[in-house]
Amino acid sequence: MTNPVNLRSTPKAIRSTIKNIAEIVSNSNYVVGMTGAGMSVESGIPPFRGADGLWTKYGTPHMNGYSDFKQDPSGWWKRRINEEIDSHIVELRDALNSAAPHAGHFALAKLEKQGNMQSLITQNIDALDEKAGITNLIEIHGNRTKLRCIDCGDRVSLGDFVPLYAPDACKKCDGIVKFDTVMFGEPIPYDVMKAARAEIDKADCVLAIGTSATVRPASGLFWIAKAAGANIIEINPSKTKLTSICAVSLHSTAGETLPRLVEALSN
Ligand SMILES: [Zn+2]
């Protein structure tokens with residue numbers, strides 16, 4: 001049954017909804033979290049879509065980034081050095097460089113540690129989930145602090161070092177290396193999509209956090225889980241396409257709600 005609770009709800013109603021979510025989570029065998037742009041927004045990273053989105057501000061970028069890159073990888077790196085890239089990318093990069101995990105990220109790490117969440121699938125590329133300590137993590141759109149070979153899929157962590165010039169060819173197969181972040185027009189890497197699907201197939205409860213569930217193919221995973229009988233629980237400030245299929249929908253932020261869910265599950 002859908003039980004939408006919004007920010008105007010009384011503290012009592014919010015408390016009872018969180019209790020309800022805690023009950024479903026603790027009665028589930030395999031809980032998978034799925035996070036979207038809303039999670040990053042709470043760390044000060046602007047989204048692409050929506051009223052405050054980068055695309056609304058700068059216009060929609062051209063959508064064939066991946067084919068441009070493949071045609072001329074060294075030209076792509078040169079344009080990057082000279083900042084001859086979309087303005088929205090420059091603003092995004094600055095925001096990403098100063099972002100840190102918030103209370104919601106740390107709460108998810110706690111849920112994993114105390115056995116209430118088995119894995120997290122994120123659509124975010126900011127590496128904040130990893131920083132918060134989440135270990136069973138699938139970054140469906142890649143991780144901005146890694147490089148990936150487009151031929152064999154080998155990944156290398158960069159740490160704080162972000163290369164300015166085109167990196168060397170892949171050490172394993174001599175293939176072309178790019179940032180792990182999935183570009184426009186680039187398919188989700190096969191290994192990642194397969195791992196995400198395997199998690200969803202095991203799940204009897206999926207926590208949809210800060211996602212409008214509009215970006216394919218990631219959003220399709222919710223409907224696959226629902227069709228297989230999993231409970232979908234939504235935590236998002238506004239109503240989404242998912243709301244009508246959710247067992248519980250709490251219209252609030254991750255930073256507000258998730259620490260309280262951790263608390264409810266610890267009692
Ligand atoms: Zn390779």
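**Zinc site, sheet and selected residues**

The site of the zinc ion is tetrahedral, with angles of 99 to 115° among its 4 donor atoms. Four donors count as tetrahedral if all angles lie between 85 and 135 degrees. This is a predicted model: local features need pLDDT of at least 70, side-chain atom pairs count only at pLDDT 80 or more, and totals for chains, interfaces and linings use all residues. Numbering starts from 1 along each chain as its sequence is written, and side-chain values use heavy atoms, without hydrogens and water.

**Zinc site**

- Cys-149, Cys-152, Cys-170 and Cys-173 coordinate the zinc ion through their SG atoms, at 2.3 Å.
- Donors are N, O and S atoms within 2.8 Å of the metal (3.2 Å for Na, K and Ca); water is not among the atoms, so sites may look incomplete.
- The spacing of the donor residues in sequence is C-x2-C-x17-C-x2-C.
- Ideal angles at a metal are 109.5 degrees for four tetrahedral donors.
- Cys-149 counts as buried because its relative accessibility is 2%. Cys-152, at 41%, counts as partly exposed.
- Buried means under 20% relative accessible area, exposed over 50%, and partly exposed in between (1.4 Å probe, protein chains only).

**Sheet**

- An open sheet of 3 strands has the order S6-S5-S7, with antiparallel pairing.
- Strand S6 (155–157) and strand S7 (177–179) are the edge strands, each pairing on one side only.
- The twist averages 30° from one strand to the next. Axes are lines fitted to C-alpha atoms, and angles run from 0 to 180 degrees between N-to-C directions.
- Strand S5 (residues 146–149) is joined to S6 by 3 bridges. Leu-147 has Val-156 in S6 as its bridge partner.
- Two strands pair if DSSP finds at least two bridges between them. Strands (E, at least two residues) and helices (H or I, at least four) are DSSP runs, numbered from the N terminus.

**Ser-40**

- Ser-40 lies in helix H2 (residues 37–41). Ser-40 is buried because its relative accessible area is 5%.
- The side chains of Ser-40 and Asn-124 make a polar contact of 3.3 Å. Such a contact is a pair of N or O atoms within 3.5 Å; within protein, one must be able to donate a hydrogen and the other to accept it, and residues adjacent in sequence count only if both atoms are side-chain atoms.
- Beyond neighbours within four places in sequence, Ser-40 is in contact (heavy atoms within 4.5 Å) with Ile-45, Asn-124 and Asp-126.

**Positive phi**

- Ala-127, not a glycine, has a positive phi near 65°. Ala-127 sits in the loop between strand S3 (119–122) and helix H8 (128–132).
- Asp-174 also is not a glycine, and its phi is positive at about 70°. Asp-174 is in the loop between S6 and S7.
- Ala-127 is buried at 5% relative accessible area, whereas Asp-174 is exposed at 61%.

Note on methods
Tetrahedral: all angles 85-135°; square planar, octahedral: opposite > 155°, others 65-115°.
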